[in-house]
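Subject: A structure to look through

Dear colleague,

Please find below the structure that I promised to pass on.

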Amino acid sequence: MTQFHEPRVTAVLGPTNTGKTHLAIERMLGHSSGMIGFPLRLLARENYDRVVKLKGAGQVALITGEEKIAPPNARYFCCTVESMPVDRVCAFLAVDEIQLCADPERGHIFTDRLLHARGSEETMFLGADTLRPVLRSLVPEAEIVSRPRFSTLSYAGPQKITRLPPRSAVVAFSAAEVYAAAELMRRRRGGTAVVLGALSPRTRNAQVGMFEAGEVDHRVATDAIGMGLNLSLDHVAFARLSKFDGRGPRRLTPAEIGQIAGRAGRHMSDGTFGTTAEAGTLEAEMVEAVENHRFDPLRHVFWRNRNLDFSAPRALLRSLERAPPTPQLLRARDADDFLALQTLSGDEKVARLARAPAAVRLLWEVCQIPDFRKTLTDHHTAMLRRIYGFLMENDGRVGADWVSGHIGRLDRSDGDIDQLIARIAHVRTWTYITHRGDWFDDAAHWQERTRAIEDKLSDALHERLTQRFVDRRAAILVRRLRAGAELIGAIRNNGEVLVEGEFVGRLEGFRFLLDSSIDPDAAKPVFTAARRALGREIPLRLKALEDDNDGSFALVEDRITWRGAALGHLTPGETALGPRVTPLASEFLDGRARERVRLRLARWLERHVKAQLRPLFKLQAAALDGAARGLLFQLVEALGTLPRQRVAEQVGGLGKADRKALAELGVRLGAASVFVPSLLKPKPMQLRARLWCLKARKEMPQLPPLDSPSFRPGRGCGEALCLALGYRRLLRQGAPPLAVRADVLERAAQAAHKASSKGSLGPGSGLAKLADLAGCTAEDLETLLSGLRFRRLTGGAGASYAPRKAAPDAKRPRRQKTESDSPFAVLRDLVADDAVANRPTGDRRAGARPNGASTAGDKTTADKRRRRKARSKTANETRNESKL
């Protein structure tokens, strides 16, 4: 006679890291068939993959709300607790994390499995020891087995998030907190993996894969990591000690902290837990409870009636609201499916359709379609109403075109992290719907379509998470630095710096410029790695600088560059022609190396300035005395251009030999200016302006094209800067200033006085040619003529100008009236004549007689004509100076 044995019921209770899940899988595989319910889809998938490796894909099924892999001959089933096909007979049945019976939202489902789900040969419940009293009361036949933790869990106290040890996890309780912590970890530690409950298995596995492969040393996660996920963690840090439980914020219980903290340490490896500095410290009582795994036992679990009345929607609602039969059971909160049923039962169309028990049962199945977005909005309710309408009016099938439109709108991978997560949550709802095979004509097609979209969105989400929260370069360098390994650095010909094969920045001269894509807050480890890797390169580069030829250097604005890289900048010296050089700051140069750079740049700068402004250095070195020496000193100080009236005394004191020497030195004594024509070229002009601004400690203003004959100087371009450029700044009341190049002003003065020698200067007597010569407008032309001592005679389009009369000089003999009105009379007042070297203008001061009187030296009439001709020849060149 065969002896009958009651199915064995075992409860394996204990803290995390006690091998409970491993034991259950071993027991299941020892039976001919089995089923395990896990609290998370991620966990179900993880253990499905594990069992497939042991038994082969043909014998293992995966059943979750959104994913079903069910081979025809499958013997072992890995499921979420909600999706367990409990009507299927299996020799072994287990439920993991059974203490979730006390969860306000999902607890009634776990309680239902605790009370009613059984294996034909063995049943096993896995969970925390806190459930022991309730379990003894509700399942008295269960054999309770306690399992101690394999390793020690100890409290490490609060730590700054940026100083957490490697292989740490930071636990937060909202997506915003997770993002904030992950951003900080990226900036300071190179990056982190991110695990959220809303991630698809594909995204979660990709993120965990980075952590397991050592690409990142840290992980930021929600409390989902406390639900049995296998993580290689050494430390768990709580970023907050409270959470929102669906109704309001509340303090974490010791049991909840123990469940999450227990993820630290695996098998025989000890683990630690603590808080971030912002979260504060844990109370001593809580620390003791967590370290010793002693928590207050549960007294109640949540329950919902499973014997439902499908006679009518209202009857179904009443049966769902039925009170629990025992004190240990509490009626569950109104779940999403109950709220959806409550809403739809009040709809007139739904009430008309849901009259028979089968229709009410179908309505309940539709209401159980989850809203993975957790919004329970009118949109979700409207979708449920539409699906129910299809099923009732379309032969039990959902409209293919309608489904295609909704799914098609989700097939896009653009957007940020939150948008992708929301899209994945929405497509998960459609995946759940398509796995109701009896609702579609071609369920396999829609399942493949939604799965492909979820995979596409998951890959995009992993990419966004990695882009936002992982700096691979910094992560690699941090690990190498921590390990004390020698870093391999290289510099490409274009200056790009590679450390361990990763582009980290650019070396310009001796300055390391961090790659702009690296967050400045994350720059410290990169700079440290670059400094170590480039330690050998800098001395070689310094030697190359010293040995390179002058053609490799250039002056760009106020900076000296070497092969295109800025090495130093100019600072004021004792004179404008002697600026100093200061090397740019570099973390790679010590004091001695900086001085070597400075000396090389200073030698080049000295040669460069002397080559560009050679005429000024010739003037500086000229061996002249007296008035000539004073004139040259002022001319060099002004960088090559002076108004003639400013040095009239020195010019008047020049002798014939002085004038000849100045001409040989390239100095022109013009009617309006004393200047060096060879310096009136763009490059010397630019350099002179730069040196003047440097000496005057002024910003270099925007300059016009330096080949322009004239321009309107702006506010930053005063008279001294115009002279340094080689221009004369002319003023006229009520008009903007005009700067005219010194040589152009001389030619303009000569042309104006030549044209006016026959009368007034008007439209028909050379005004247009004069404007073209000076490169100025009609308004500026009047400023030019005013500077040349012309006055306006008539207005309008036919304006004409005439020279102003020179004021009589009381110290000089009066001229004859007939000659005082002549435009050439002003020539007698010139203090210099650069065109006639053999007749200094000092003759007048030595007793020269008025024009028309004879002297003892005039032997013949021909001598008189020769002197008159000579004076006439110089009139056009010198008259403007006396008028200025």
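How many bridges join strand S25 to strand S26, and do they run parallel or antiparallel? Four bridges join S25 to S26 (residues 580-583), and the two strands run antiparallel; within this pairing, His 569 stands opposite Thr 582 in S26. Here two strands count as paired if DSSP finds at least two bridges between them, while helices (H or I, at least four residues) and strands (E, at least two) are DSSP runs numbered from the N terminus.

Before going further, please keep in mind that this is a predicted model, in which local features need pLDDT of at least 70 and side-chain atom pairs count only at pLDDT 80 or more, whereas totals for chains, interfaces and linings use all residues. Residues are numbered from 1 along each chain as its sequence is written, and side-chain values use heavy atoms, with hydrogens and water left out.

The chain as a whole

The protein chain holds 31 helices and 34 strands, and of its 884 residues 50% are buried, where buried means under 20% relative accessible area, exposed over 50%, and partly exposed in between (1.4 Å probe, protein chains only). Among the contacts in the chain with a separation of 6 or more, 68% are between residues 24 or more positions apart; contact means heavy atoms within 4.5 Å.

Around strand S25

Strand S25 (residues 565-571) is mostly covered, since six of its seven residues are buried. The hairpin of S24 and S25 has two residues between the strands, and in it Arg 563 takes a positive phi near 55°.

Strand S12 and its neighbours

Strand S12 (residues 218-221) is covered on both faces, with His 218 and Val 220 buried on one side and Arg 219 and Ala 221 buried on the other. In a regular strand the side chains alternate between the two faces of the sheet. Strand S10 (residues 168-171) pairs with S12 in the parallel sense over four bridges, and strand S11 (residues 193-195) is joined to S12 by three bridges, also running parallel. Ala 221 in S12 has Val 171 opposite and Val 195 opposite as well.

S11, H6 and S12 make a right-handed β-α-β unit; a crossover is right-handed if, with the strands pointing away from the viewer, the path from the first strand over the helix to the second runs clockwise. Helix H6 (residues 201-212) contains Thr 203, which counts as buried because its relative accessibility is 0%. Leaving out residues up to four places away in sequence, Thr 203 touches Ser 458, Leu 461, His 462 and Leu 465. From C-alpha to C-alpha, Thr 203 and Glu 463 are 9.1 Å apart in space, although 260 residues separate them in sequence.

The nonpolar cores

The largest nonpolar core has 73 residues, of which Leu 577, Leu 613, Leu 619 and Val 667 touch the most other members. Such a core is a set of buried Ala, Val, Leu, Ile, Met, Phe, Trp, Tyr and Cys residues joined through side-chain atoms within 4.5 Å. Helix H25 (residues 682-696) gives the largest share of this core, seven residues. Apart from it lies another core, of 61 residues, including Tyr 179 and Trp 446.

Most residues other than glycine have a negative phi, and most peptide bonds are trans. Which way, then, does phi point in Glu 97, positive or negative? Phi of Glu 97 is positive, near 55°, and this residue lies in the loop between strand S6 (92-95) and helix H3 (107-116). Phi of Arg 697 is likewise positive and near 55°, and Arg 697 is found in the loop between H25 and strand S30 (710-711). As for cover, Glu 97 counts as buried because its relative accessibility is 7%, whereas Arg 697, at 68%, counts as exposed.

With best wishes
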